[in-house]
Amino acid sequence: MSEHIVVSRADGVMEIRLNRPEKKNALTRAMYEAISVGFEQADADPAVRVVMLTGTGDAFTSGNDIKDFQQPAREGPNRPGGRFLPALSKLQKPLVAAVNGMAIGVGTTMLFHCDLIVAARSARFQMPFTSLGVVPEAGSSLLAPAALGHRRASAMLLLGESIDAATALDWGLINSVVDDAVLLETGRGLARRLAALPPQAVRLTKRLIRHGAPDVAGRIDEELVLFRERLASPEAQEAFAAFMEKRKPDFSRFS
Ligand code: COA
């Protein structure tokens, strides 16, 4: 278990908190593993009816830890996307997200797998995959156009455009925006409302809604093949090195 993931249970809700604020909740392999274990336990435990995700500090998550991207593990459960993406995309219990700040990369792509999303007014959403020399993941190349429409998905996935909470609401990425001070209680209130409903009806309804995107598992796999190749590419390694060295990347030598 990672000390950077805090799991608590109350009123039928499992709350999973990303808790590495000094690194903007960037997700390490150990953190992915701990979240995956949480999802798997939630599905196995009848006392858990709803899962809620949130973060500590001013970031929901700044995405995958870029240091880990510099040395990608190729095989095994710790390889990029290893256990986390199946656990996320196959979770049967409803998943609520209370987005407390910036949601970058997988911070946004995981939201396409959430059922209800409330965001703080300060939240921002960005999927800067191309500028990192990689490709979309977590099924976002399928789920973003389906949720936002082709043009908006292209602005976010091709250009890496960052959008604020009001725009995310307008584009249908999230359900509501609230003042930062009331985010947590609003998210917990939503989760408790869901937890008070008949659990089987809720799970079946989630399954039916998710049937609208039947190809997600196949797309996740297709993206991951490319994503893993891209991690080792000179373009991506230049982007990661530039971030860690706090300089602008230079892509001019690539054709
Ligand atoms: N991976 C590794 N470290 C990260 C990180 C990430 N994804 N995001 C932030 N950090 C680290 C920074 O390196 C910094 O570490 P330091 O204090 O040791 O220097 C610390 O977290 C604080 O981040 P900082 O950049 O100083 O905060 P900021 O408020 O100026 O900017 C972000 C915040 C999120 C905009 C910026 O950190 C960022 O762009 N992060 C990378 C986002 C990204 O590309 N993620 C991958 C998506 S696939």
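This is a predicted model: local features need pLDDT of at least 70, side-chain atom pairs count only at pLDDT 80 or more; totals for chains, interfaces and linings use all residues.

Biologist: Where is Lys24 found?

Modeller: Lys24 sits in the loop that runs between strand S2 (13-18) and helix H1 (29-44).

Biologist: And what's up with the phi of Lys24?

Modeller: Phi is positive there, about 55°, although Lys24 is not a glycine.

Biologist: OK, what about Asn25, what does phi look like there?

Modeller: Asn25 has a positive phi too, near 60°, and it is a residue other than glycine. Asn25 is also found in the loop between S2 and H1.

Biologist: Is Asn25 buried or exposed?

Modeller: Buried: Asn25 has a relative accessible area of 0%. The cut-off for buried is under 20%, so Asn25 qualifies.

Biologist: What does the side chain of Asn25 reach?

Modeller: The backbone oxygen of Leu18, at 3.4 Å.

Biologist: Let's switch to the ligand. Which residues come nearest to the ligand?

Modeller: There are 15 residues around the ligand, and the nearest of these are Lys23, Ser62, Asn64, Ile66 and Lys246.

Biologist: What classes make up that shell?

Modeller: The shell around the ligand has 7 nonpolar residues, 3 polar ones and 5 charged ones.

Biologist: How far is the side chain of Lys23 from an oxygen atom of the ligand?

Modeller: An N or O atom in the Lys23 side chain is 2.6 Å from a ligand oxygen atom. For Lys246, an N or O atom of the side chain is 2.8 Å from an oxygen atom of the ligand.

Biologist: And which part of Asn64 lies 3.0 Å from a nitrogen atom of the ligand?

Modeller: That one is a backbone N or O atom of Asn64.

Biologist: How much of the ligand's accessible area does the protein cover?

Modeller: The protein covers 67% of it, where the ligand on its own has 870 Å² of accessible area.

Biologist: Which pocket is the ligand in?

Modeller: The ligand takes up the space of the second largest pocket.

Biologist: Tell me a bit more about Asn64. Where in the chain does Asn64 lie?

Modeller: Asn64 is in the loop between strand S4 (59-61) and helix H2 (66-70). Asn64 counts as buried because its relative accessible area is 17% and the cut-off is under 20%.

Biologist: How far is Asn64 from Tyr32?

Modeller: The C-alpha atoms of Asn64 and Tyr32 are separated by 9.2 Å, and the two are 32 residues apart along the chain.

Biologist: New topic, the helices. Which helix holds Thr109?

Modeller: Thr109 is in helix H4, residues 106-109. Thr109 is buried, at 0% relative accessible area.

Biologist: Last one: where does Leu148 lie?

Modeller: Leu148 lies in helix H5, which covers residues 140-148. Leu148 is buried too, with a relative accessible area of 7%. From Leu148 to Asp170 the C-alpha atoms are 9.6 Å apart, and the sequence separation is 22 residues.

Methods
Residues are numbered from 1 along each chain as its sequence is written. Side-chain values use heavy atoms; hydrogens and water are left out. A residue is near a molecule or strand if one of its heavy atoms lies within 4 Å of it. A polar contact is a pair of N or O atoms within 3.5 Å; within protein, one must be able to donate a hydrogen and the other to accept it, and residues adjacent in sequence count only if both atoms are side-chain atoms. Accessible areas come from the Shrake-Rupley method with a 1.4 Å probe; for residues, only the protein chains shown count as cover. On a 1 Å grid over the protein atoms alone, a cavity is a set of points where a 1.4 Å probe fits but cannot get out, and a pocket is an open set with protein on both sides within 12 Å along at least five of seven lines; lining residues have an atom within 4 Å of a point. A molecule sits in a cavity or pocket if more than half of its atoms lie within 2 Å of its grid points. Ala, Val, Leu, Ile, Met, Phe, Trp, Tyr, Cys and Pro count as nonpolar, Asp, Glu, Lys and Arg as charged, and the others, Gly among them, as polar. Helices (H or I, at least four residues) and strands (E, at least two) are DSSP runs, numbered from the N terminus. Buried means under 20% relative accessible area, exposed over 50%, partly exposed in between (1.4 Å probe, protein chains only).
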